[in-house]
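This briefing looks at a predicted model. It takes up a loop position, then the nonpolar cores, and finally the pairing of aromatic rings.

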Amino acid sequence: MKTQGLSSQNASGRAVLLIAKSAFAASRHLEMQRLAELAAGRTGAGIVRFAFTEQGTPSLREALSDLLA
């Protein structure tokens, strides 16, 4: 699974969005949750989320919309 970090600034501070291509099984979703927890501890970001670009939830569009809200 390839992941890529994207950081941005928002009103509440720094946000990190981890992106993976797809998740066909619950194990991939759990792996992304684990990576998000690790990123939160290492980056000090107030918000760390993950998304999938092709298949899986949350989708990239959903995650970006949530970060902008």
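**Briefing on the predicted model**

In this predicted model, A25 is found in the loop that runs between β2 (13-22) and α1 (26-43). The points below begin with this loop residue and then turn to the nonpolar cores and the aromatic rings.

- Although A25 and G56 are 31 residues apart along the chain, their C-alpha atoms are separated by 8.8 Å.

**Nonpolar cores**
- The largest nonpolar core comprises 11 residues, namely V16, L18, A20, A23, M32, A36, A39, A45, V48, F50 and F52.
- At least two residues of this core come from each of β2, α1 and β3 (47-55).
- A45, a member of the largest core, touches R14, V16 and A40 when residues up to four places away in sequence are left out of the count.

**Aromatic pair**
- The model has 1 aromatic pair, formed by F50 and F52, with 5.9 Å from centre to centre and 75° between the planes.
- Because an angle over 60 degrees is classed as edge-to-face, the pair of F50 and F52 is described as edge-to-face.
- F50 is buried at a relative accessible area of 12%, and F52 likewise counts as buried, at 1% relative accessibility.

Definitions and conventions: Residues numbered from 1 in each chain as written. Predicted model: local features only at pLDDT ≥ 70, side-chain atom pairs only at ≥ 80, totals over all residues. Heavy atoms only, no water. Helix = DSSP H or I, 4+ residues; strand = E, 2+ residues; numbered from the N terminus. Core = buried A, V, L, I, M, F, W, Y, C linked by side-chain atoms within 4.5 Å. Buried < 20%, exposed > 50% of the residue type's maximum accessible area, 1.4 Å probe, protein only. Contact = heavy atoms within 4.5 Å. Phe/Tyr/Trp six-rings, centres within 6.5 Å; stacked < 30°, edge-to-face > 60°.
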